[in-house]
2 protein chains.
Amino acid sequence: MTSGYIAIDWGSTNLRAWWYQAGECRDRRTSSEGITRLGGKSPAAVLAGITVGWPDNIRVLMAGMVGSNAGWKVAPYLPCPVHFSEIGSQLTDVLPGISIIPGLSIRRSDNDNVMRGEETQLLGARELAAAPLFILPGTHCKWVQADNEQIFDFRTVMTGELHHLLMNSSLIGVGLPEQRQDAAAFERGAGIGLTTEAPLARLFEVRAAHVLGDLPREDVSEYLSGLLIGHEVASMIRQWQPDNRQPVTVVASHSLASRYQRVLDILGFKAQILEGDSAFQAGIRSIADAVAD
Amino acid sequence: MTSGYIAIDWGSTNLRAWWYQAGECRDRRTSSEGITRLGGKSPAAVLAGITVGWPDNIRVLMAGMVGSNAGWKVAPYLPCPVHFSEIGSQLTDVLPGISIIPGLSIRRSDNDNVMRGEETQLLGARELAAAPLFILPGTHCKWVQADNEQIFDFRTVMTGELHHLLMNSSLIGVGLPEQRQDAAAFERGAGIGLTTEAPLARLFEVRAAHVLGDLPREDVSEYLSGLLIGHEVASMIRQWQPDNRQPVTVVASHSLASRYQRVLDILGFKAQILEGDSAFQAGIRSIADAVAD
């Protein structure tokens with residue numbers, strides 16, 4: 001083993017790899033060979049391909065769907081509540097020096113939940129932008145209650161996937177022209193989402209509004225995004241009642257995170273944005289450091 | 001013109017036709033040539049095909065998406081509130097004696113909505129099973145406030161389409177075995193749907209529950225159906241606060257209507273079920289009678 005390590009974020013549809021040496025990122029690569037898109041190759045062969053030319057005898061730490069039952073090897077979920085320190089001490093080895101970081105699960109009568117990959121971002125986020133409430137938007141947005149030591153609870157809202165499905169596969173999106181970015185349309189949708197008690201009833205109205213000419217046909221995507229995110233944020237805040245004197249950390253690309261930030265602001269919460277890759281890198285680094293000790 | 005008429009229910013994906021003479025149904029036919037599936041044929045040719053052998057000089061009354069901007073000819077929406085009597089007096093003729101029944105619309109700051117086809121079922125439902133609240137489940141479930149004279153307001157919940165999308169195109173349905181009918185799984189989902197304030201957060205948990213082994217993989221469809229219908233009914237009842245001493249009329253096939261009936265029963269409402277075709281036939285008949293007078 002050298003003092004370096006390779007960090008792999010291996011999801012369903014993508015693979016991203018970083019080579020670190022002496023605390024510095026020496027190279028980074030991406031591939032579309034996500035766990036569901038291996039095209040007949042073995043995970044070991046894909047890993048060898050994406051790391052070709054990088055040092056051989058170096059620790060590899062992988063997070064994400066690579067540890068699911070459709071992945072390389074099942075890395076059992078750690079049940080919550082869980083101490084952050086347990087995550088790095090429960091690695092699943094697939095080959096000598098090549099390990100998968102465990103996902104987290106919740107099994108309660110009021111909440112069945114799982115995550116894979118976000119636990120690594122959370123490890124970094126609590127170092128870089130501590131908060132009692134983390135939001136990790138994306139296809140399946142995670143809401144996480146944590147302090148500096150433990151992850152207590154989390155929930156998942158499939159807002160990103162729903163937006164995609166509704167725009168691409170439902171009647172809402174049929175026959176629409178190219179969509180445009182428009183903050184005002186987002187805000188208009190968010191206004192509905194924040195206040196409605198019947199979000200599913202408002203979805204059809206997105207179509208009715210543009211059929212009747214009350215919503216520009218180019219603005220449907222933004223309006224729907226506002227409606228879904230507005231409802232997500234309002235319902236999760238109502239359910240968890242977080243202290244609005246504490247910050248909320250939103251872990252995502254700036255453009256996505258700022259949508260949550262706008263809605264949180266309307267509800268009187270101060271959000272700090274942390275870029276997802278930064279959180280992931282910091283999380284992997286803390287595990288690499290712990291393993292090296 | 002003879003004393004008979006032909007009733008056509010022409011939706012997006014199907015066409016159904018009935019020939020009535022002297023108040024009696026003489027023949028019925030169905031076709032998959034819905035408005036979005038004409039396969040290059042003109043609507044007039046499809047109509048001629050489905051009615052071949054039936055009397056020529058007979059009134060034809062059509063309802064549904066045939067009157068949309070993707071249909072034969074646009075039959076303008078009647079804005080609500082609207083008197084039931086106006087529906088039959090605002091027909092749009094496409095050829096002599098061949099008419100389209102108008103759809104209904106709502107344009108308010110708190111509700112943009114449209115329906116096509118259900119207005120004809122409502123015409124029949126108020127005769128056969130009067131109630132102040134009608135529910136017309138299906139791909140896009142309609143909730144309608146009406147009395148014997150007028151339709152006051154309606155909303156649409158795309159519960160059927162969402163169930164289909166989530167089972168067939170989202171992560172929830174990936175890799176599931178054949179699904180089974182199971183009333184207990186429906187009730188379990190309905191229990192969640194009836195009480196949750198964050199229905200979109202509970203959708204992902206449907207997947208998590210079967211991944212973690214807390215929900216049989218054959219029961220996902222029923223459980224999801226319960227969750228969606230439970231939330232739909234609870235949120236619409238909360239929003240509209242109907243009088244639970246009055247009946248609710250559910251217009252649908254028995255198997256679908258009984259799902260709504262079960263959930264309404266839990267909330268203390270008495271539902272009467274009216275089969276959708278019966279409602280449609282009675283609605284068309286009342287228009288045919290009005291036109292003949």
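Modeller: Contact here means heavy atoms within 4.5 Å. With that cut-off, 100% of the interface residues of chain B are also interface residues in chain A, so the copies meet through the same surface. The model is a predicted one, and every value below is computed from it.

The contact draws 43 residues from chain B and 43 residues from chain A. About 3,800 Å² of area is buried between chain B and chain A, and carbon and sulfur atoms account for 64% of it.

The symmetry of the pair may be stated next. In general, two copies of a chain are related by a rotation about an axis and a shift along it. Here, chain B is superposed on chain A by a rotation of 180° with 0.0 Å of shift along the axis, at an RMSD of 0.0 Å. That is the relation of a two-fold axis.

Six salt bridges are counted between chain B and chain A. In one salt bridge, the side chain of E197(A) meets that of R238(B), with an N to O distance of 2.7 Å. On the side of chain B that touches chain A, two or more residues come from each of the strands β9 (104-108), β10 (111-115) and β13 (150-157) and from each of the helices α4 (159-169), α6 (199-211) and α7 (220-240) of chain B. Of these elements, α6(B) gives the most, with 10 residues. By residue class, this side of chain B divides into 22 nonpolar, 10 polar and 11 charged residues.

The chain that forms this interface may now be considered as a whole. Chain A contains nine helices and 15 strands. Its radius of gyration is 20 Å, close to the 19 Å that the globule rule gives for 293 residues, so chain A is as compact as a globular protein of that length. Along the principal axes, the C-alpha atoms of chain A fill a box of roughly 65 × 45 × 35 Å.

Over all chains, the whole structure holds 30 salt bridges. One within chain A joins R180(A) to D219(A), whose closest N and O atoms are 2.6 Å apart. This pair links distant parts of the chain, 39 residues apart: R180(A) lies in the loop between α4 (159-169) and α5 (183-195), and D219(A) in the loop between α6 (199-211) and α7 (220-240) of chain A.

Some details of the backbone complete the picture. Most residues other than glycine have a negative phi, and most peptide bonds are trans. The peptide bond from C80(A) to P81(A) is cis, with omega near 0°, and P81(A) is placed in the loop between β5 (78-79) and β6 (82-83) of chain A. In chain B, a cis peptide bond with omega about 0° joins C80(B) and P81(B). A22(A) has a positive phi, near 50°, and is a residue other than glycine; A22(A) is found in the loop between β2 (15-21) and β3 (24-31) of chain A.

Terms used. Residues numbered from 1 in each chain as written. Chains lettered and ligands numbered in written order. Predicted model: local features only at pLDDT ≥ 70, side-chain atom pairs only at ≥ 80, totals over all residues. Heavy atoms only, no water. Buried area = accessible area lost by both parts, 1.4 Å probe. Salt bridge = Lys/Arg side-chain N within 4 Å of Asp/Glu carboxyl O. Helix = DSSP H or I, 4+ residues; strand = E, 2+ residues; numbered from the N terminus. Nonpolar A, V, L, I, M, F, W, Y, C, P; charged D, E, K, R; others polar. Least-squares fit on C-alpha atoms with pLDDT ≥ 70 in both. Rg over C-alpha atoms; globule rule 2.2 N^0.38 Å.
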